[in-house]
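Dear colleague,

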Amino acid sequence: MTQIRTSYLLNGVSVPALSCSRGIDKSVIINLHGLDVSKEVNITDMNRLESAGFWSVTIDAPHHGERDDGYLEIMRKANRREAYLMLLSIIQQEAAEVADFIHFFKSQNKKVAVSGISMGAYATYALMMINREADLFAPFMGNPDFRYKGSNVFSMLETSGPIDSPDKIFPANLFIVNAGSDDIVDPDGARRFYKAIKPYYSESLEKLQYLEYPESGHLMRPEDWFNAWDAFIERLRRDGF
């Protein structure tokens, strides 16, 4: 299937993007990639979505892909905590940009879903705290607890995750995928988040979907990955995308 290279100018920032060959759909899925890769890594997922009848767009995160400006190289040389805070800065910047994308697509009367993998899932979680206009949030293998593990003192960035404000999330539509044996992203954060927000959804459980694959690490087992995507596509259909 054909992807179209394009860019979006939002608030003076040009964001490189790939979109599927169709763009007249009533809805759009915004795909966010992981750390140290680029939008091109999402092509397989875009093809999967297009085969199922959905139009999607994927973008380069700040400092990634066509937006590489040396920031990631500096981050690699920093100590672990400094590098993590730099990562959170990328995540917050991307969340703000995606909020602009949502405004743009909503102005075209489209339903909008945001799906993110790993770092993209963190950005999806961060987005929940600043803009809940998306019709569906779908973080795959991310942690809604932004605190640096092992520290006792936390910056404002580290306390900006949705796990710190579970009362602010409802009635957002959520589709959460967690890898239970993840050795890169702590899977306990998503578990605790789901437990914390579930009471708010007691009368709207159809809005909250949590899938955990106990045997999968950060690179999920193929059978689990395909199952998660089948469930995501089913959710998109159910929600009228």
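In this predicted model, the axes of helix 1, which covers residues 43-51, and helix 6, which covers residues 222-238, come within 11 Å of each other and cross at roughly 45 degrees.

Which residues bring the two helices together? On the side of helix 1 they are D45, R48 and L49, and these meet W225, F226, W229, F232, I233 and L236 in helix 6. Sorted by class, this contact has seven nonpolar and two charged residues, with no polar ones.

A search of the whole structure finds one cavity of 30 Å³ or more, and the largest cavity holds about 40 Å³ of space. Its lining is made up of N31, L32, N42, D45, S115, G116, I117, F140 and W229, so you will meet D45 and W229 again here, since both also take part in the contact of helix 1 with helix 6.

Which strand gives the most to this lining? Strand 5 does, with three residues, while strand 3 (27-32) and strand 5 (111-117) each supply at least two. By class, the lining of the largest cavity has four nonpolar, four polar and one charged residues.

With best wishes

How values were computed: Residues are numbered from 1 along each chain as its sequence is written. This is a predicted model: local features need pLDDT of at least 70, side-chain atom pairs count only at pLDDT 80 or more; totals for chains, interfaces and linings use all residues. Side-chain values use heavy atoms; hydrogens and water are left out. On a 1 Å grid over the protein atoms alone, a cavity is a set of points where a 1.4 Å probe fits but cannot get out, and a pocket is an open set with protein on both sides within 12 Å along at least five of seven lines; lining residues have an atom within 4 Å of a point. Grid points are joined across faces, edges and corners, and a volume is the space filled by probe spheres set on the points. Helices (H or I, at least four residues) and strands (E, at least two) are DSSP runs, numbered from the N terminus. Ala, Val, Leu, Ile, Met, Phe, Trp, Tyr, Cys and Pro count as nonpolar, Asp, Glu, Lys and Arg as charged, and the others, Gly among them, as polar. Axes are lines fitted to C-alpha atoms, for helices over the stretch in contact, and angles run from 0 to 180 degrees between N-to-C directions. Contact means heavy atoms within 4.5 Å.
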